[in-house]
Amino acid sequence: MRKFRVRQAAIAGVVALAVAAVPTVASGAQKQSSSTTAGSDAFYTYNGSKPLSSYRPGDVLKVRTLPYHVLGIATPIQATQLLYRTTDEQGHPSAGVTSVLRSPGGDGRKVVSYQSFYDSLDPEDGPSRAVAGNVKLPGGLIANAESTLVAPLLLSGYDVVLPDTEGQAAHLTASREYGYNTLDSLRAASSAASRTGISPDARVGLMGYSGGAVATNWAASLAPKYAPDVNKRLVGYAEGGVLVKPSHILRYIEGSQVWSGLIPELLIGQARSYDFDLKKYLNGYGKQLVDEHQHASIADALGHYPGLTWKKMAKPEYANPNSVPELVEAVNKTNLGLAPTPTVPGYIGQGNAGALEGTTSNIAGIGSGDGITVAGDTRALAQKYCAEGDAAVWYKQYDALSHLTAPTATVPTALAWLRDRFAGKEAPSSCGSIAEGNSLAADETVPAG
């Protein structure tokens with residue numbers, strides 16, 4: 001017991017030291033200190049003789065063990081990283097990477113799959129790179145700083161699985177792929193039990209915020225059909241700040257002071273995921289922004305393009321984004337409101353003080369939100385789950401909190417909610433008391449010009 005407590009203190013101390021070092025690391029201009037980069041790390045490449053299609057989703061292709069790093073500092077926690085077979089947004093076989101962190105007090109039977117909000121078009125910003133020691137600036141800081149959310153889980157006895165949800169091509173906003181990567185990483189973690197220590201029948205909770213909530217919700221939605229073996233082990237999903245209907249998000253953040261800078265990255269993510277040529281619809285300025293953001297992260301976008309709109313980027317005949325058929329098709333496929341309803345209970349937290357972050361839009365049919373996500377969309381999603389499913393849904397709206405401040409409420413609530421699910425307590429429900437939401441119906445294409 002004494003050794004366990006000493007180890008706990010050591011972990012907490014290293015994590016605290018590393019997080020405190022963020023300003024120092026960030027001040028190092030654009031230098032990169034990395035023990036694993038895309039150009040030098042062969043682990044990320046599948047080079048087997050058999051085609052990927054011959055493997056089942058979740059099959060392990062490679063395994064390695066290394067220390068769990070925070071901002072390049074090795075902690076006493078050991079990480080097992082897995083290259084595994086999964087599925088991309090268009091249904092093609094692909095290879096994903098996940099990291100399994102063993103709790104010093106865990107027994108391999110309680111697992112939290114934590115989905116990162118690294119939100120980047122650069123694969124090197126993924127959580128597996130951070131775990132292995134990557135401190136690439138600025139996007140890599142996000143997955144490193146999330147150690148403050150991972151540490152409480154480890155110290156509470158949960159083993160943690162950290163998937164690179166966007167895949168190795170950084171398919172930002174590729175929602176189904178987020179879900180596939182998450183579910184197959186759990187399959188891989190259990191199938192490699194001799195290396196990861198994760199029991200094949202371990203109970204699993206899903207947790208994420210913002211981009212991590214997208215992965216969390218899609219995993220819960222897709223699990224019954226795509227991974228029923230995982231679904232039967234899920235105790236529930238806990239999330240906050242989830243992006244529900246992408247076309248509403250685009251209109252909501254247009255012209256805002258902080259979040260409009262994310263527009264080029266969201267568009268690139270959709271085009272990259274569904275393999276269509278975005279540039280043919282853009283004017284010179286739009287093409288310039290797309291070129292500049294091919295490997296950008298959310299850290300490169302916030303506050304950098306105040307007042308940006310789709311219309312400022314598009315050719316005159318495509319001033320309405322719904323006149324771009326490939327984009328309409330893509331946003332419909334990534335609309336959570338059109339996805340299956342989860343069969344396990346969920347907690348969904350949503351901020352509604354977007355004005356604090358410079359998003360004051362209040363368009364009819366969209367309304368207010370937290371700065372980037374739309375509260376009416378999230379309410380509608382929760383209502384859909386209440387109407388279509390048998391599992392309890394607990395929706396909480398925080399009217400005084402924005403996207404960047406809501407985690408102060410949603411994260412502690414998610415941790416407590418998951419703890420109760422693992423303890424077998426009945427899940428709370430707010431069904432019947434959720435305010436009216438927006439329409440989540442599919443968008444329709446309109447003629448150009």
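1. Let me begin with the charged pairs: the count comes to 14 salt bridges. Please keep in mind as you read on that this is a predicted model.

2. Have a look at Arg-56 and Asp-59, whose side chains meet in a salt bridge with N and O 3.4 Å apart. Are the two partners buried or exposed? Arg-56 has a relative accessible area of 61%, so it is exposed, the cut-off for that being over 50%. Asp-59, at 19%, is buried because the limit for that class is under 20%.

3. Next comes a salt bridge between Asp-201 and Arg-109, with the closest N and O atoms 3.2 Å apart. This pair links distant parts of the chain, 92 residues apart. Asp-201 is in the loop between α7 (193–196) and β6 (203–209), while Arg-109 is in the loop between β3 (93–101) and β4 (110–115). On accessibility, Asp-201 is partly exposed at 44%, and Arg-109 also counts as partly exposed, at 42%.

4. Asp-125 and Lys-136 deserve a point of their own. Their side chains form a salt bridge, 3.0 Å from N to O. Asp-125 is buried, with a relative accessible area of 1%, and Lys-136 counts as buried at 12%. Which residues belong to the network that includes this pair? Salt bridges with shared partners join Asp-122, Asp-125 and Lys-136 into one network.

5. Turning to the rings, the count of aromatic pairs is six. One of them is Phe-43 with Tyr-44: the ring centres are 6.0 Å apart and the planes are at 90°, so this pair is edge-to-face. Both Phe-43 and Tyr-44 are buried. Tyr-46 and Tyr-55 make another edge-to-face pair, with centres 5.9 Å apart and planes at 85°.

6. Tyr-55 has a charged neighbour as well: Lys-50 lies over the face of its ring, at 4.5 Å from the ring centre. You will find another charge over a ring at Trp-417, where the charged end of Arg-421 sits 4.8 Å from the centre.

7. My last stop is strand β5, residues 159–163.

8. With β3 the pairing is antiparallel, over four bridges, and Leu-101 has Val-160 of β5 as its bridge partner. With β4 the strands run parallel, joined by three bridges, and here Val-111 has Asp-159 of β5 as its bridge partner.

Key. Residues numbered from 1 in each chain as written. Predicted model: local features only at pLDDT ≥ 70, side-chain atom pairs only at ≥ 80, totals over all residues. Heavy atoms only, no water. Salt bridge = Lys/Arg side-chain N within 4 Å of Asp/Glu carboxyl O. Buried < 20%, exposed > 50% of the residue type's maximum accessible area, 1.4 Å probe, protein only. Helix = DSSP H or I, 4+ residues; strand = E, 2+ residues; numbered from the N terminus. Phe/Tyr/Trp six-rings, centres within 6.5 Å; stacked < 30°, edge-to-face > 60°. Lys NZ or Arg CZ within 6 Å of the ring centre and 35° of its normal. Pairing = 2+ DSSP bridges.
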